[in-house]
Amino acid sequence: MVKKLVIGFSDSPHSMLLAKNIAKLAKIDFRPIKAKKFPDGETNLRFSSDVKGKTVYIIHSLKTADDDINNNMMKVIFAAYNAKSLGAMKVILVAPYLAYMRQDKRFHNYEAISSRIMATLFNRCFDGLITFDPHLHRYKSLNEIFTINAKRLSADRLLAEYIKKTYKKPIIIGPDEESYQWARDIAKMVGCPVDILKKHRYTAESVRIKIKADLDLKDKSVVIIDDMISTGHTMMEVIKDARKLGAKKIYCVCIHGLFVENAYERMRKLGVKDVVSTNTIENKANKIDISKMLAEEIKRN
Ligand code: R5P
(Lines give C-alpha, C1' and ligand atoms only; values in the text may rest on other atoms or scores of the structure.)
Protein backbone atom coordinates (compact mmCIF):
# COMPACT_ATOMS: atom_id res chain seq x y z
CA MET A 1 0.00 0.00 0.00
CA VAL A 2 1.27 3.50 -0.89
CA LYS A 3 2.23 5.50 2.18
CA LYS A 4 0.46 8.81 2.72
CA LEU A 5 2.13 11.96 3.96
CA VAL A 6 0.51 15.23 5.02
CA ILE A 7 2.52 18.42 4.67
CA GLY A 8 1.98 22.06 5.68
CA PHE A 9 4.07 25.17 5.08
CA SER A 10 6.32 26.19 7.97
CA ASP A 11 5.79 29.91 7.29
CA SER A 12 2.01 29.69 7.59
CA PRO A 13 1.02 28.89 11.21
CA HIS A 14 -2.69 28.42 10.47
CA SER A 15 -2.07 25.98 7.61
CA MET A 16 0.55 24.14 9.69
CA LEU A 17 -1.83 23.75 12.59
CA LEU A 18 -4.66 22.62 10.35
CA ALA A 19 -2.39 20.16 8.53
CA LYS A 20 -1.00 18.75 11.80
CA ASN A 21 -4.47 18.34 13.24
CA ILE A 22 -5.79 16.66 10.10
CA ALA A 23 -2.79 14.29 10.00
CA LYS A 24 -3.38 13.38 13.65
CA LEU A 25 -7.08 12.72 13.09
CA ALA A 26 -6.35 10.67 9.95
CA LYS A 27 -3.43 8.86 11.67
CA ILE A 28 -1.08 9.83 8.83
CA ASP A 29 2.48 11.16 9.16
CA PHE A 30 2.87 14.91 9.15
CA ARG A 31 6.00 16.77 7.99
CA PRO A 32 6.41 20.50 7.52
CA ILE A 33 7.73 21.85 4.26
CA LYS A 34 10.28 24.48 5.19
CA ALA A 35 9.32 27.68 3.43
CA LYS A 36 11.19 30.95 3.50
CA LYS A 37 11.45 34.07 1.41
CA PHE A 38 14.70 35.48 0.08
CA PRO A 39 15.21 39.22 0.49
CA ASP A 40 14.04 39.82 -3.09
CA GLY A 41 10.75 38.04 -2.40
CA GLU A 42 11.54 34.72 -4.08
CA THR A 43 10.24 31.66 -2.26
CA ASN A 44 12.51 28.83 -1.12
CA LEU A 45 10.94 25.46 -0.28
CA ARG A 46 12.42 22.31 1.17
CA PHE A 47 10.73 19.10 2.30
CA SER A 48 11.82 17.96 5.73
CA SER A 49 11.70 14.26 4.83
CA ASP A 50 11.71 11.88 1.91
CA VAL A 51 8.58 11.91 -0.26
CA LYS A 52 9.66 9.20 -2.70
CA GLY A 53 6.92 6.69 -3.54
CA LYS A 54 4.39 8.45 -1.27
CA THR A 55 1.05 10.14 -1.82
CA VAL A 56 1.65 13.66 -0.61
CA TYR A 57 -1.25 15.80 0.63
CA ILE A 58 -0.36 19.49 0.54
CA ILE A 59 -2.74 21.22 2.94
CA HIS A 60 -2.91 24.93 2.33
CA SER A 61 -5.70 27.45 2.09
CA LEU A 62 -5.18 29.78 -0.85
CA LYS A 63 -6.07 32.77 1.32
CA THR A 64 -3.92 33.14 4.41
CA ALA A 65 -3.05 35.89 6.84
CA ASP A 66 0.64 35.67 5.97
CA ASP A 67 0.67 35.71 2.18
CA ASP A 68 -1.46 36.88 -0.70
CA ILE A 69 -3.47 34.55 -2.90
CA ASN A 70 -1.03 34.58 -5.83
CA ASN A 71 1.96 33.79 -3.60
CA ASN A 72 0.03 30.96 -2.00
CA MET A 73 -0.72 29.58 -5.44
CA MET A 74 2.93 29.70 -6.40
CA LYS A 75 3.90 27.98 -3.13
CA VAL A 76 1.60 25.01 -3.69
CA ILE A 77 2.66 24.73 -7.34
CA PHE A 78 6.37 24.80 -6.43
CA ALA A 79 5.80 22.25 -3.67
CA ALA A 80 3.94 19.95 -6.07
CA TYR A 81 6.67 20.07 -8.72
CA ASN A 82 9.32 19.53 -6.06
CA ALA A 83 7.47 16.50 -4.67
CA LYS A 84 7.12 15.01 -8.15
CA SER A 85 10.78 15.58 -8.99
CA LEU A 86 11.71 13.85 -5.72
CA GLY A 87 9.72 10.80 -6.74
CA ALA A 88 6.34 11.29 -4.98
CA MET A 89 3.79 8.86 -6.40
CA LYS A 90 0.89 11.31 -6.27
CA VAL A 91 0.45 14.88 -5.10
CA ILE A 92 -2.97 15.99 -3.90
CA LEU A 93 -3.77 19.62 -3.17
CA VAL A 94 -6.01 20.06 -0.14
CA ALA A 95 -7.10 23.67 -0.42
CA PRO A 96 -9.86 24.31 2.13
CA TYR A 97 -10.50 27.59 0.29
CA LEU A 98 -10.09 27.55 -3.48
CA ALA A 99 -9.45 31.04 -4.82
CA TYR A 100 -10.43 32.52 -8.18
CA MET A 101 -13.67 30.55 -8.54
CA ARG A 102 -15.83 33.69 -8.72
CA GLN A 103 -14.10 34.80 -11.91
CA ASP A 104 -16.06 32.28 -13.93
CA LYS A 105 -16.85 34.32 -17.04
CA ARG A 106 -15.55 37.25 -19.07
CA PHE A 107 -17.47 39.99 -17.27
CA HIS A 108 -15.79 42.70 -19.42
CA ASN A 109 -14.22 42.63 -22.88
CA TYR A 110 -10.78 40.99 -23.02
CA GLU A 111 -10.90 40.02 -19.32
CA ALA A 112 -9.20 36.84 -18.12
CA ILE A 113 -11.46 33.97 -16.98
CA SER A 114 -9.14 33.39 -14.04
CA SER A 115 -10.87 30.31 -12.65
CA ARG A 116 -10.03 28.45 -15.88
CA ILE A 117 -6.42 29.59 -15.75
CA MET A 118 -6.10 28.54 -12.11
CA ALA A 119 -7.61 25.13 -12.97
CA THR A 120 -5.29 24.68 -15.97
CA LEU A 121 -2.25 25.29 -13.78
CA PHE A 122 -3.49 22.93 -11.05
CA ASN A 123 -4.42 20.23 -13.60
CA ARG A 124 -0.79 20.22 -14.70
CA CYS A 125 0.86 19.84 -11.33
CA PHE A 126 -1.55 17.93 -9.07
CA ASP A 127 -3.06 14.49 -9.31
CA GLY A 128 -6.08 15.48 -7.30
CA LEU A 129 -7.78 18.31 -5.45
CA ILE A 130 -9.90 18.36 -2.31
CA THR A 131 -11.69 21.57 -1.39
CA PHE A 132 -14.63 22.94 0.58
CA ASP A 133 -17.64 24.57 -1.02
CA PRO A 134 -15.98 26.08 -4.08
CA HIS A 135 -17.98 28.96 -5.54
CA LEU A 136 -19.97 27.03 -8.14
CA HIS A 137 -22.27 29.46 -9.86
CA ARG A 138 -21.93 29.41 -13.62
CA TYR A 139 -20.04 26.09 -13.37
CA LYS A 140 -22.28 23.38 -12.07
CA SER A 141 -19.40 21.11 -11.11
CA LEU A 142 -15.63 21.26 -10.66
CA ASN A 143 -15.34 18.79 -13.54
CA GLU A 144 -16.14 21.62 -15.94
CA ILE A 145 -12.69 23.10 -15.36
CA PHE A 146 -10.66 20.33 -13.66
CA THR A 147 -9.45 17.24 -15.49
CA ILE A 148 -7.86 15.82 -12.31
CA ASN A 149 -10.01 14.18 -9.67
CA ALA A 150 -11.50 17.24 -7.94
CA LYS A 151 -13.51 16.54 -4.81
CA ARG A 152 -15.93 19.09 -3.42
CA LEU A 153 -16.72 18.77 0.26
CA SER A 154 -19.53 20.76 1.82
CA ALA A 155 -19.64 22.37 5.24
CA ASP A 156 -23.43 22.82 5.05
CA ARG A 157 -24.06 20.16 7.68
CA LEU A 158 -21.54 21.76 10.07
CA LEU A 159 -23.19 25.17 9.61
CA ALA A 160 -26.62 23.68 10.21
CA GLU A 161 -25.44 21.97 13.41
CA TYR A 162 -23.92 25.24 14.68
CA ILE A 163 -27.08 27.24 13.91
CA LYS A 164 -29.34 24.61 15.47
CA LYS A 165 -27.44 24.47 18.74
CA THR A 166 -26.68 28.23 19.03
CA TYR A 167 -29.65 30.27 17.77
CA LYS A 168 -33.26 30.04 18.91
CA LYS A 169 -36.03 29.88 16.29
CA PRO A 170 -34.03 31.38 13.44
CA ILE A 171 -35.12 32.41 9.99
CA ILE A 172 -32.41 31.96 7.37
CA ILE A 173 -31.84 34.58 4.69
CA GLY A 174 -29.74 34.04 1.56
CA PRO A 175 -28.63 37.38 0.09
CA ASP A 176 -28.88 36.39 -3.59
CA GLU A 177 -30.03 33.68 -5.98
CA GLU A 178 -26.61 31.99 -5.85
CA SER A 179 -27.04 31.42 -2.12
CA TYR A 180 -30.25 29.47 -2.73
CA GLN A 181 -28.38 26.15 -2.97
CA TRP A 182 -26.76 26.32 0.46
CA ALA A 183 -29.34 28.47 2.31
CA ARG A 184 -32.16 26.10 1.35
CA ASP A 185 -30.22 22.95 2.30
CA ILE A 186 -29.08 24.38 5.62
CA ALA A 187 -32.60 25.61 6.50
CA LYS A 188 -33.91 22.13 5.76
CA MET A 189 -31.36 20.58 8.12
CA VAL A 190 -32.09 23.15 10.84
CA GLY A 191 -35.82 22.80 10.27
CA CYS A 192 -36.51 26.53 9.95
CA PRO A 193 -37.92 28.93 7.33
CA VAL A 194 -35.72 30.38 4.58
CA ASP A 195 -36.00 33.31 2.20
CA ILE A 196 -33.75 34.32 -0.69
CA LEU A 197 -33.21 37.93 -1.74
CA LYS A 198 -32.07 39.45 -5.04
CA LYS A 199 -28.70 41.12 -5.40
CA HIS A 200 -27.19 43.35 -8.03
CA ARG A 201 -23.44 43.84 -7.94
CA TYR A 202 -22.17 47.02 -9.63
CA THR A 203 -18.48 46.68 -8.64
CA ALA A 204 -16.50 44.59 -6.13
CA GLU A 205 -17.34 47.26 -3.53
CA SER A 206 -20.86 48.17 -4.52
CA VAL A 207 -23.89 45.92 -4.23
CA ARG A 208 -27.62 46.53 -3.91
CA ILE A 209 -30.00 44.04 -2.38
CA LYS A 210 -33.63 44.07 -3.40
CA ILE A 211 -35.73 43.66 -0.30
CA LYS A 212 -39.00 41.78 -0.52
CA ALA A 213 -42.00 43.80 0.58
CA ASP A 214 -43.72 40.78 2.14
CA LEU A 215 -40.68 39.57 4.11
CA ASP A 216 -41.74 39.35 7.74
CA LEU A 217 -38.67 39.77 9.97
CA LYS A 218 -40.33 41.67 12.81
CA ASP A 219 -38.84 40.55 16.16
CA LYS A 220 -37.21 37.58 14.47
CA SER A 221 -33.72 36.07 14.86
CA VAL A 222 -32.29 36.42 11.39
CA VAL A 223 -29.36 34.30 10.25
CA ILE A 224 -27.85 35.60 7.01
CA ILE A 225 -25.92 32.86 5.24
CA ASP A 226 -23.46 33.11 2.38
CA ASP A 227 -20.72 30.89 0.99
CA MET A 228 -18.16 33.64 1.53
CA ILE A 229 -17.78 37.06 3.07
CA SER A 230 -15.16 39.10 1.26
CA THR A 231 -15.60 42.88 1.54
CA GLY A 232 -18.73 42.28 3.60
CA HIS A 233 -20.81 44.62 1.42
CA THR A 234 -23.33 41.91 0.60
CA MET A 235 -23.83 41.10 4.28
CA MET A 236 -23.93 44.77 5.31
CA GLU A 237 -26.68 45.55 2.83
CA VAL A 238 -28.80 42.69 4.14
CA ILE A 239 -28.08 43.63 7.77
CA LYS A 240 -29.37 47.17 7.15
CA ASP A 241 -32.48 45.88 5.40
CA ALA A 242 -33.18 43.31 8.11
CA ARG A 243 -32.96 46.11 10.70
CA LYS A 244 -35.42 48.24 8.75
CA LEU A 245 -37.80 45.28 8.72
CA GLY A 246 -37.62 45.04 12.52
CA ALA A 247 -35.33 42.02 13.01
CA LYS A 248 -34.58 41.53 16.71
CA LYS A 249 -31.25 39.71 16.42
CA ILE A 250 -29.02 39.38 13.39
CA TYR A 251 -26.31 36.75 12.88
CA CYS A 252 -24.00 36.33 9.89
CA VAL A 253 -22.70 32.87 9.02
CA CYS A 254 -20.45 31.88 6.13
CA ILE A 255 -18.16 29.08 5.04
CA HIS A 256 -15.19 31.14 3.85
CA GLY A 257 -14.44 34.29 5.83
CA LEU A 258 -12.05 36.36 3.75
CA PHE A 259 -13.00 39.57 5.61
CA VAL A 260 -11.00 42.00 3.49
CA GLU A 261 -11.06 45.77 4.20
CA ASN A 262 -11.89 45.19 7.90
CA ALA A 263 -15.19 43.60 6.90
CA TYR A 264 -15.43 41.73 10.21
CA GLU A 265 -15.13 44.91 12.32
CA ARG A 266 -17.47 46.85 10.03
CA MET A 267 -20.14 44.19 10.30
CA ARG A 268 -19.80 44.06 14.09
CA LYS A 269 -20.23 47.83 14.19
CA LEU A 270 -23.65 47.41 12.62
CA GLY A 271 -24.70 45.58 15.76
CA VAL A 272 -24.60 42.02 14.46
CA LYS A 273 -24.78 39.60 17.41
CA ASP A 274 -22.45 36.98 15.98
CA VAL A 275 -20.24 36.64 12.89
CA VAL A 276 -19.26 33.05 12.23
CA SER A 277 -17.16 31.21 9.69
CA THR A 278 -15.47 27.85 9.33
CA ASN A 279 -11.68 27.64 9.57
CA THR A 280 -11.07 27.17 5.83
CA ILE A 281 -9.44 30.61 6.19
CA GLU A 282 -7.95 31.90 9.43
CA ASN A 283 -9.95 34.78 10.92
CA LYS A 284 -11.60 36.09 14.09
CA ALA A 285 -14.87 34.37 13.23
CA ASN A 286 -13.48 30.79 13.11
CA LYS A 287 -16.03 28.87 15.14
CA ILE A 288 -16.69 25.84 12.96
CA ASP A 289 -13.91 23.30 12.44
CA ILE A 290 -13.58 21.45 9.13
CA SER A 291 -10.54 19.32 10.14
CA LYS A 292 -12.47 16.14 10.88
CA MET A 293 -14.23 16.13 7.52
CA LEU A 294 -10.92 16.65 5.74
CA ALA A 295 -9.23 13.91 7.73
CA GLU A 296 -12.01 11.47 6.84
CA GLU A 297 -11.74 12.40 3.16
CA ILE A 298 -7.97 11.92 3.15
CA LYS A 299 -8.35 8.53 4.84
CA ARG A 300 -10.87 7.48 2.15
CA ASN A 301 -8.90 9.03 -0.75
C1 R5P B 1 -21.10 36.04 -4.52
O2 R5P B 1 -21.37 35.59 -5.55
C3 R5P B 1 -20.80 35.31 -3.26
O4 R5P B 1 -21.70 34.27 -3.03
C5 R5P B 1 -20.78 36.28 -2.09
O6 R5P B 1 -22.09 36.82 -1.94
C7 R5P B 1 -19.83 37.39 -2.33
O8 R5P B 1 -18.63 36.91 -2.79
C9 R5P B 1 -19.61 38.22 -1.09
O10 R5P B 1 -18.72 39.24 -1.41
P11 R5P B 1 -18.65 40.58 -0.57
O12 R5P B 1 -18.48 40.21 0.86
O13 R5P B 1 -17.45 41.30 -1.11
O14 R5P B 1 -19.90 41.35 -0.81
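1. **Ground rules.** This is a predicted model, so local features need pLDDT of at least 70 and side-chain atom pairs count only at pLDDT 80 or more, while totals for chains, interfaces and linings use all residues. Residues are numbered from 1 along each chain as its sequence is written, and side-chain values use heavy atoms, with hydrogens and water left out.

2. **Where the domains meet.** On the domain 1 side, 15 residues are in contact with 14 residues of domain 2 (contact means heavy atoms within 4.5 Å). About 1400 Å² is buried between domain 1 and domain 2, with 55% of it on carbon and sulfur atoms. Buried area here is the accessible area (1.4 Å probe) that two parts lose on being put together, summed over both. If you want names to look at, Y97, H135 and I290 supply 33% of the area that domain 1 buries against domain 2, more than any other three residues.

3. **What kind of interface?** How many salt bridges does the rule find across the interface of domain 1 and domain 2? The count is zero, where a salt bridge is a side-chain nitrogen of Lys or Arg within 4 Å of a carboxyl oxygen of Asp or Glu. Polar contacts do turn up: nine residue pairs across the interface of domain 1 and domain 2, both residues at pLDDT 80 or more. A polar contact is a pair of N or O atoms within 3.5 Å; within protein, one must be able to donate a hydrogen and the other to accept it, and residues adjacent in sequence count only if both atoms are side-chain atoms. On the side of domain 1 that touches domain 2, the elements giving two or more residues are α1 (13–26) and α8 (291–300). Helices (H or I, at least four residues) and strands (E, at least two) are DSSP runs, numbered from the N terminus. By class, that side of domain 1 has seven nonpolar, five polar and three charged residues. The classes run like this: Ala, Val, Leu, Ile, Met, Phe, Trp, Tyr, Cys and Pro are nonpolar, Asp, Glu, Lys and Arg are charged, and the others, Gly among them, are polar.

4. **A155.** You'll find A155 in the loop between β7 (149–153) and α4 (156–166). A155 is buried, at 0% relative accessible area; buried means under 20%, exposed over 50%, and partly exposed in between (1.4 Å probe, protein chains only). Beyond neighbours within four places in sequence, A155 is in contact with F132, D133, I255, T278 and I290. F132 is 23 residues from A155 along the chain, with 6.9 Å between their C-alpha atoms.

5. **V276.** This residue belongs to strand β14 (residues 274–278), and V276 is also buried, with a relative accessible area of 0%. Apart from neighbours within four places in sequence, the contacts of V276 include Y162, Y167, C252 and K287.

6. **Salt bridges.** The structure holds 17 of them. One pairs K75 with D67, the closest N and O atoms being 3.4 Å apart, and both K75 and D67 are buried. Another joins K199 to D176 at 3.0 Å between the closest N and O atoms. K199 is in strand β10 (residues 198–203) and D176 in the loop between β8 (170–174) and α5 (180–190), so this pair ties together parts that are 23 residues apart in sequence. K199 is partly exposed at 23% relative accessible area, whereas D176 is buried at 4%.

7. E237 and R208 meet through their side chains in a salt bridge (3.6 Å, N to O). E237 is in helix α6 (residues 233–244) and R208 in strand β11 (residues 206–210), 29 residues apart. E237 counts as buried at 17% relative accessibility, and R208 as partly exposed at 47%. Elsewhere, salt bridges that share partners join D11, K37, D67 and K75 into one network.

8. **Two tyrosines to check by eye.** Y100 has a positive phi of about 75° although it is not a glycine, and Y110 has a positive phi of about 65°, again without being a glycine. Y100 is in the loop between β5 (90–95) and α3 (114–125), and Y110 is found in the loop between β5 and α3. Buried or exposed? Y110 is exposed at 81% relative accessible area, while Y100 is partly exposed at 25%.
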